[in-house]
Amino acid sequence: MSLWKAYYLPQTIDEALSLLAQHHGAARIIAGGTDLMIDLQFTDRAEPLDAMVDVTQVREMLDITTVDDVCHLGAAVTHTTIVKSALLEARVTCLVESCGVVGGPQVRNVGTLGGNVAHALPAGDGTTSLVALDAEGYVAWSDGRREWLPLPALFKGPGISALDHHRDVLVAFRFKLCGEREGTAFKRIMRPQGVALPILGCAVWVQLNEARTHYDDVRICVSPVAPKPVRATEVEAALRGQPVGQDAIERAVRVARDTLHPRASAYRATAEYRQHMIETLLRQTLPLAAQRAKTGEAHAEGVGMG
Ligand SMILES: Cc1cc2nc3c(=O)[nH]c(=O)nc-3n(C[C@H](O)[C@H](O)[C@H](O)COP(=O)(O)OP(=O)(O)OC[C@H]3O[C@@H](n4cnc5c(N)ncnc54)[C@H](O)[C@@H]3O)c2cc1C
């Protein structure tokens, strides 16, 4: 049985919304299809979907633009395009590092950052970095409202998005690019073989003081440790004002041990192993982000190693 009856390629957001509205919830948004096609193939349906509304030709969703150091990134931009952007590598290195480990090259060539967020898994690699970047998502709701929302507001639970994938379109993201004294890093623990779920990912953003000796501000997202992607706010607070160095990292690790509690997962790893790996990831990402903030030089690591 075919999975859908009609396939549309709208060129504008209004056209996409209008097509979705015409089908009264019986059409589905598709971007790269790397998550959706698997879901559809494993869902028993008596009837094919009425229609697919493919958003990968909507101009507004493909742009990468910068205004006053704020980057606007279309939701239909692919992981490969993000990885190839010299601007993003230099100014939001963690995003390039996270998109660079999604699947293999075939998945990255078509899979989009918007699809990663809309699929709503707290372990989404692109999602983890967007949360550490304090990004917002721009949503065109089916009732005509358009608004910017903080990334976590787009999530209701594991695999449950605040968006109705039959009606609402995630259009774009925006986040501040790193300036002087700011740096980011992302690392992930993953089984090396086959189609496996990430065991744990960690993205950090740091801002150092004028002398570049102390942490002025820090944002950290470790995932998945909760049903929705969340910031490690207690760990962040423990680092603010601390001198950059091993003592601060050990302080962060102690607070992480007390406040971050990943679940045991049959598909990922035991809770004890994941707890231990949080510490490993903090020990890797914090010095790397601080080094990038100090020197202003950042080259993405691990890209293509998914
Ligand atoms: C072999 C394989 C390996 C993978 N490895 C990883 C990995 O290492 N890390 C990782 O994070 N992910 C991984 N994924 C998952 C997937 O590739 C990513 O989540 C990808 O970013 C999804 O984007 P997409 O464009 O393909 O989304 P799609 O599959 O097209 O859509 C996903 C969901 O979001 C909805 N949707 C898509 N775009 C929008 C939009 N703009 N507005 C509203 N709703 C929308 C769709 O209706 C659907 O429900 C892997 C997948 C495969 C098949």
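Leaving aside its neighbours within four places in sequence, which residues is Asp69 in contact with? In this predicted model, the partners of Asp69 are Lys176, Leu177 and Gly179. Asp69 itself sits in the loop between strand 4 (64-67) and strand 5 (70-74). Is Asp69 buried or exposed? With 10 other C-beta atoms within 10 Å, Asp69 counts as exposed, because the cut-off for that class is 12 or fewer. For a sense of distance, Asp69 and Leu3 are 66 residues apart in sequence, and their C-alpha atoms are 43 Å apart in space.

The largest nonpolar core holds 87 residues, and within it Val204 and Val222 touch the most other members. Helix 11 (residues 271-295) supplies the largest share of this core, with eight residues. Not counting residues up to four places away in sequence, Val204 touches Ala132, Thr184, Ala185, Val218, Arg219, Ile220, Thr285, Leu286 and Ala289.

Here is the chain as a whole:

| Property of the chain | Value |
|---|---|
| Secondary structure | 11 helices and 13 strands |
| Box filled by C-alpha atoms, along the principal axes | roughly 60 × 45 × 30 Å |
| Buried residues | 45% of the 306 residues |
| Share of contacts (residues at least 6 apart in sequence) that join residues at least 24 apart | 69% |

What radius of gyration does the chain have? The chain has 19 Å, which agrees with a compact globule, because one of 306 residues would have a radius of gyration near 19 Å.

Key
Residues are numbered from 1 along each chain as its sequence is written. This is a predicted model: local features need pLDDT of at least 70, side-chain atom pairs count only at pLDDT 80 or more; totals for chains, interfaces and linings use all residues. A nonpolar core is a set of buried Ala, Val, Leu, Ile, Met, Phe, Trp, Tyr and Cys residues joined through C-beta atoms within 7 Å. A residue is buried if 20 or more other C-beta atoms lie within 10 Å of its own, exposed if 12 or fewer, and partly exposed in between; C-beta atoms are placed from the backbone. Helices (H or I, at least four residues) and strands (E, at least two) are DSSP runs, numbered from the N terminus. Two residues are in contact if their C-beta atoms, placed from the backbone, lie within 7 Å. The radius of gyration is taken over C-alpha atoms; the globule rule is 2.2 Å times the number of residues to the power 0.38.
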